Amino acid sequence: MVDAASLIAGFQSLLSLDVLIALIAGTVGGMVIGALPGFSAAMGVSLLIPITYGMSPVAALTMLVAMYTSAIYGGSITAILCHTPGTPASAATAIDGYQLTKQGRGMEAMGVATLGSAVGGTVSAIAMLLIAPALGAFSLKFSVLEYFLLAVFGLTVIASLAGESLIKGLFSGVLGLLLGCVGLDAISGYPRMTMGLVQLEDGINFVPALIGLFSVAQVMTLAYDVHHGKSGSVIEDEENLKKGRALPPWSELKTLVPTMVRCSLVGTLVGIVPAAGAGVSSWICYSMGKKFSKHPEKFGHGALEGVASCETGNNAATGGALIPLITLALPGSTVAAILLGGMMIHGLTPGASMFTKNAATTYGIMIGFLLANILMGAIGLFAARYIARVSSLPMGILGPVIVALCAIGTFAIRNNIFDVGVMLVFGLIGFILKKAGFAAPPMILGMVLSEICESNWRRAVILAGAKGGMLNYFLGRPIAIVLAVLIVASLFSPVIMKIVNKKAHAIEKQS
């Protein structure tokens, strides 16, 4: 239960000038960092930690968590306008967001992404305030088998991302799984598919691959189109942009409410699970949005539901990831691990003391996270009209700027020129795949889940050997059984939803 006195004390701690400045700086800074290709939320938070040394714990941690959630949202800005995901968590947003931009509806897409991000983050913040200890303890029940099944559940999303051809989509997904195996074997340490390159022993860095497949490939595609006499602008309908609005009309917006509510809850739960994070949550919510949609055929061609699904899901996961961090010192992502370091620097030890001795500080940070999401939504909706005009720039200007930002961001990750080469190679791969009709998102998802899937399965096999075999091990873990049921349901849900939608359309025609 929430301690009312501690909650009030936490709110009062936010009313000082230094905390308010930290809140605004973290929110605005996160949006900028997230929008820059290669500059991830983890990079933004780590850059801020030295700045927080002389600050109070509430001000410092409020700025860090504000940077975290707004950077995840910030990645959607360039994903929608330039097909350049600022962060890995925004890769799914680029699918429908960019299609809407091409139709001159980039402003609406930005508005829906902002609203979805604010709603998802706010719901997860409320969940963190109300049920943090209970949900945090639940995450401890996950073993390697549950992590493996969660990764497999994520792989069922591939069917939703396949595009026009399911076979080609599955091929891209399998290719992504194979590329995720490059590097040292997680169990034996033996190098695999490294071609003798020492730089590949750590595996293919995911961020350069992501930037290449989405950003560089898109610039190459647009340059190819311009060379063959097509428009030199991203937008196909500039009149729509000029008369556009920051949010769609209420008649359309209200249809997104169930999607946002559903994805807020799912995203929060996915965020609680270590090793899942905002990226996985985004893909799962996108797939779920398509399966529950009355118009799944619009997904991939400019569906506001698609943007709402993944943006609500990825920001909801940020609050979910903070729950096991605060209650159990269990960082479920790179950003959470950095935040753990920030907490320790300021004398905060995650665990029971966070809700006893340091309760006022803890609730201050939680309320600060809630306010950061609200502030992020307000700033994003105000700025959407002006930011969306970036997409009207001619490709001759926008293309070189995008490539330059991609190269700078990629190099900045590890100060390694090899990563820039990886980005360019994947850009070429993405361009070839696009021209051949293959979808890039399944490949990205395969790369994300490959290591999680393989390493946890092999560890599960080892554990099962000591427990009388895999069947006995599986049947003794109720959460694993529930996840297996969800996987089966996910595989068959497109067929079920198709039947349900057909019946619904038949009833509509009759009435």
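Student: Which conventions apply here?

Tutor: In this predicted model, local features need pLDDT of at least 70 and side-chain atom pairs count only at pLDDT 80 or more, whereas totals for chains, interfaces and linings use all residues. Residues are numbered from 1 along each chain as its sequence is written, and side-chain values use heavy atoms, with hydrogens and water left out.

Student: How many residues of α7 are buried?

Tutor: Buried means under 20% relative accessible area (1.4 Å probe, protein chains only). In α7, 11 of the 12 residues are buried, including Glu146 and Tyr147.

Student: Which residues have the most contacts inside the largest nonpolar core?

Tutor: A nonpolar core is a set of buried Ala, Val, Leu, Ile, Met, Phe, Trp, Tyr and Cys residues joined through side-chain atoms within 4.5 Å. The largest has 48 residues, and Leu145, Leu149, Ile204, Phe214, Trp283, Phe426 and Leu449 have the most contacts inside it. Elements giving two or more residues to this core include α7 and α20 (441-465).

Student: What does alanine 460 touch?

Tutor: Contact means heavy atoms within 4.5 Å. Alanine 460, in helix α20, touches Val144, Leu145, Met470 and Tyr473, not counting residues up to four places away in sequence. Its relative accessible area is 0%, so alanine 460 is buried.

How values were computed:
Buried means under 20% relative accessible area, exposed over 50%, partly exposed in between (1.4 Å probe, protein chains only). Helices (H or I, at least four residues) and strands (E, at least two) are DSSP runs, numbered from the N terminus.
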